[in-house]
Amino acid sequence: MNESKYPPHELANRLPMMGEDEYRMLRADIEANGLRYPIILAKQDAEWRILDGRHRERACLETGTKPRYDYYDGSNPAAYVISANLRRRHLTPSAAAR
């Protein structure tokens, strides 16, 4: 497996990791259909980091799917992370509050 050249952003790390069953479904979907949503990078301490999409990138690397990246250019990365993940995942209120 290839290694990511982008570490997770500290805001991404505040969300819980995807469960194994959920990850297997994501991986299978990316393998069958390709990457539908780009991985979002944002600067943290002058370094590009994964703000959203750490599981998508992992699945791409494991399946040999070319990852696509886009860059966050807004002013509230925390709101972006919460919004992007609440739409896709069923987070409990306490997990969303992290």
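**A walk through the model**

Tutor: Let us begin with Thr 65, which counts as buried because its relative accessibility is 18%, and buried means under 20%. Please keep in mind that this is a predicted model.

Student: Let's step back. How many helices and strands are there in the protein?

Tutor: The protein has 4 helices and 3 strands, and from the N terminus on these elements run α-β-β-α-β-α-α.

Student: What part of the protein counts as buried?

Tutor: Of its 98 residues, 40% count as buried. The accessible surface of the protein comes to about 6200 Å², and 50% of that belongs to carbon and sulfur atoms.

Student: What about contacts between residues 24 or more positions apart?

Tutor: If you take the contacts in the protein with a separation of 6 or more, residues 24 or more positions apart account for 77% of them.

Student: Which residues make up the largest nonpolar core?

Tutor: That core has 11 residues in all, namely Tyr 6, Met 18, Tyr 23, Leu 26, Ile 30, Leu 35, Ile 39, Leu 41, Ile 50, Ala 59 and Cys 60. The elements that give two or more residues to this core are helix H1 (20-33), strand S1 (39-44) and H2, and the largest share, 3 residues, comes from H1. Apart from this core lies another one, of 7 residues, among them Leu 11, Leu 15, Tyr 72 and Val 81.

Student: Which residues does Tyr 23 touch?

Tutor: Not counting residues up to four places away in sequence, Tyr 23 touches Met 18, His 55, Arg 58, Ala 59 and Glu 62.

Student: Now Arg 27. Where is it found, and what does it touch?

Tutor: Arg 27 is found in helix H1, and, again setting aside residues up to four places away in sequence, Arg 27 touches Ala 59, Glu 62 and Thr 63. The C-alpha atoms of Arg 27 and Thr 63 are separated by 7.6 Å, while the two residues are 36 residues apart along the chain. The side chains of Arg 27 and Glu 62 are joined by a polar contact of 2.9 Å.

Student: Is Arg 27 buried, exposed or partly exposed?

Tutor: Arg 27 counts as partly exposed because its relative accessible area is 26%, and the partly exposed class lies between under 20% for buried and over 50% for exposed.

Student: How many salt bridges does the count come to?

Tutor: The count comes to 6 salt bridges. One of them joins Arg 27 with Glu 31, where the closest N and O atoms are 3.9 Å apart; these two are separated by about one helical turn because they are 4 residues apart in helix H1. Salt bridges that share partners join Arg 27, Glu 31, Arg 58 and Glu 62 into one network.

Student: Which residue forms a salt bridge with Asp 21?

Tutor: Asp 21 forms a salt bridge with Arg 24, the closest N and O atoms being 2.3 Å apart. Both residues lie in helix H1, 3 residues apart, which is about one turn of the helix. Asp 21 counts as exposed, at 53% relative accessibility, whereas Arg 24 is partly exposed, with a relative accessible area of 48%.

Student: And are Asp 52 and Arg 56 buried or exposed?

Tutor: Both Asp 52 and Arg 56 are buried, and their side chains meet in a salt bridge of 3.2 Å, N to O.

Student: Last topic: where is confidence lowest, and where is it highest?

Tutor: Confidence is lowest in helix H4 (residues 93-97), at a mean of 47, and highest in S3, at 98. Over residues 94-98 the pLDDT is below 50, and beyond near neighbours in sequence this stretch has 7 contacts in the model. For the protein, the mean pLDDT is 89, and 87% of the residues reach 70 or more.

Technical notes
Residues numbered from 1 in each chain as written. Predicted model: local features only at pLDDT ≥ 70, side-chain atom pairs only at ≥ 80, totals over all residues. Heavy atoms only, no water. Buried < 20%, exposed > 50% of the residue type's maximum accessible area, 1.4 Å probe, protein only. Contact = heavy atoms within 4.5 Å. Areas by Shrake-Rupley, 256 points an atom, 1.4 Å probe, with all protein chains shown as cover. Core = buried A, V, L, I, M, F, W, Y, C linked by side-chain atoms within 4.5 Å. pLDDT = per-residue confidence, 0-100. Polar contact = N/O pair within 3.5 Å; in protein donor to acceptor, adjacent residues only side chain to side chain. Salt bridge = Lys/Arg side-chain N within 4 Å of Asp/Glu carboxyl O.
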